[in-house]
Amino acid sequence: MNLKKIRLHMISMPLKKPFVTHLQRVESREGIIIEVEDKDGLIGLGEVVAFSTPWYTEETVTTSYHMLKDVLIPLLERHGVNHPTELSELFDSVRRNAMAKASLEMAVWDLYARQQDKPLWDVLGGTREKVLAGAVVGAGATDGMIKQTRDLIEAGYERIKIKISKGADIEVVRTLREEFPHLSLLADANSAYDLGDAGHLKSLDEFCLEMIEQPLGVDDLVEHSILQTKLMTPICLDESIVTPSDMKSAIHLNSCGVVNLKLGRVGGYNSALDIYRLCMENGIRLWCGGMIEFGVSRAHNISLSTLEGFSIPGDISSSSKYWDEDIIDTPIVVENGMVKRFDKPGIGVELNGKRLKEVCTFREEFVL
């Protein structure tokens, strides 16, 4: 692929409103934007979606920077690749660190598509001209959650995910369902419960939720399979699915009916496409999750979500939901519950150099 340079831009931007779960309150978002440049000057873009602290997974922005600088970029420099699929084998010598791996792999896939002068969705085999879009309402006072939900519905979102936890679940869901009886509504627990709460969670069945996401442990598959036998509401797995091997185990155990697929969590496109195929072959429904990303990662999520199997609206909200100004030149906009795919080469967007400079806290370049 004739790779020449890799640039890392560490950035920080305040959210328009804090994002709250029972695990963390996020007021400002840090990340790393990656540029991979070839000898002809074409540039592919990637993004580290880890958070500043390890509340979602063990990775952070700092650990991802270390892995990129000291491990992954040197591996790529020593061995090189002719095609993005070769990165899986190249990175197999490195345990875990999925988000660091994904960020570099995303940039290489984007560059590869640009070298072919094709949209990345086309290279991946996507067919959807528009991607189904949903949005997330963080935890908080019920009145505030109702207002957020109403505002999002008025903005065109047709599927809303709400954050729940012990003591902030049944009545919150009941009130929202009464207020919005026909809304596609799902609940995300971020592992707030244990198997002993099965009877309590069963109370959610009456509210016709699309699914309950990751109610039990972040690395659990067995207890989720037991819980699913007790619930009518489908279980969606998020944190528990990191590798294709995890997906195979979940299928054998009947641990879920739905999977939230995130490029960063599973290590990039190569792993994501394997998981996607396993889900399609076994009747598992799919949607693309979000990480309060900047525009680079959202553009990648749009490319992935053009695959036919993504039949549930994903967390692909408008740039304006989180940011006063995003770092890409073409903001992502949700209209009537949909986002149009980008038809330019690669992920279809470029960096807004002026905005990137304003929010960049550190920059480093590596010559390959």
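Me: Which element gives the largest share of the lining of the largest pocket?
Reply: That is β1, with 6 residues. This is a predicted model, where local features need pLDDT of at least 70, side-chain atom pairs count only at pLDDT 80 or more, and totals for chains, interfaces and linings use all residues. Residues are numbered from 1 along each chain as its sequence is written, and side-chain values use heavy atoms, with hydrogens and water left out.

Me: What counts as a pocket, and as lining?
Reply: On a 1 Å grid over the protein atoms alone, a pocket is an open set of points with protein on both sides within 12 Å along at least five of seven lines. A cavity is a set of points where a 1.4 Å probe fits but cannot get out. Lining residues have an atom within 4 Å of a point.

Me: What volume does the largest pocket have?
Reply: About 480 Å³. A volume here is the space filled by probe spheres set on the points, with grid points joined across faces, edges and corners.

Me: How do the lining residues divide?
Reply: Into 12 nonpolar, 6 polar and 4 charged. Ala, Val, Leu, Ile, Met, Phe, Trp, Tyr, Cys and Pro count as nonpolar. Asp, Glu, Lys and Arg count as charged, and the others, Gly among them, as polar.

Me: New topic. In what order do the strands of the open sheet run?
Reply: The 7 strands go β5-β6-β7-β8-β9-β10-β11, and the pairing is parallel. β5 (135-137) and β11 (285-288) stand at the edges with a single partner strand each, so one side of each has no neighbour in the sheet. Two strands pair if DSSP finds at least two bridges between them.

Me: How many bridges join β6 and β7?
Reply: They pair over 5 bridges. One partner of Ala 187 in β7 is Ile 162. β7 and β8 pair over 2 bridges, and there Ala 187 has Ile 212 of β8 as its bridge partner.

Me: How many residues of β7 are buried?
Reply: 5 of the 5, so β7 is largely enclosed by the rest of the structure. Buried means under 20% relative accessible area, exposed over 50%, and partly exposed in between, with a 1.4 Å probe and protein chains only. Ser 184, Leu 186 and Asp 188 point one way from β7, and Leu 185 and Ala 187 the other way.

Me: Which residues of α6 are buried?
Reply: In α6 (residues 170-179), they are Ile 170, Val 172, Val 173, Leu 176 and Arg 177. Seen down the axis, they fall within an arc of 165 degrees, so they line one face of the helix. The arc is that of the directions from the helix axis to the C-beta atoms.

Me: What do they pack against?
Reply: α5, β6 (159-163), β7 (184-188) and α7. Contact means heavy atoms within 4.5 Å.

Me: And Ser 103, buried or exposed?
Reply: Buried, with a relative accessible area of 0%. Ser 103 sits in helix α3 (residues 98-115).

Terms used: Helix = DSSP H or I, 4+ residues; strand = E, 2+ residues; numbered from the N terminus.
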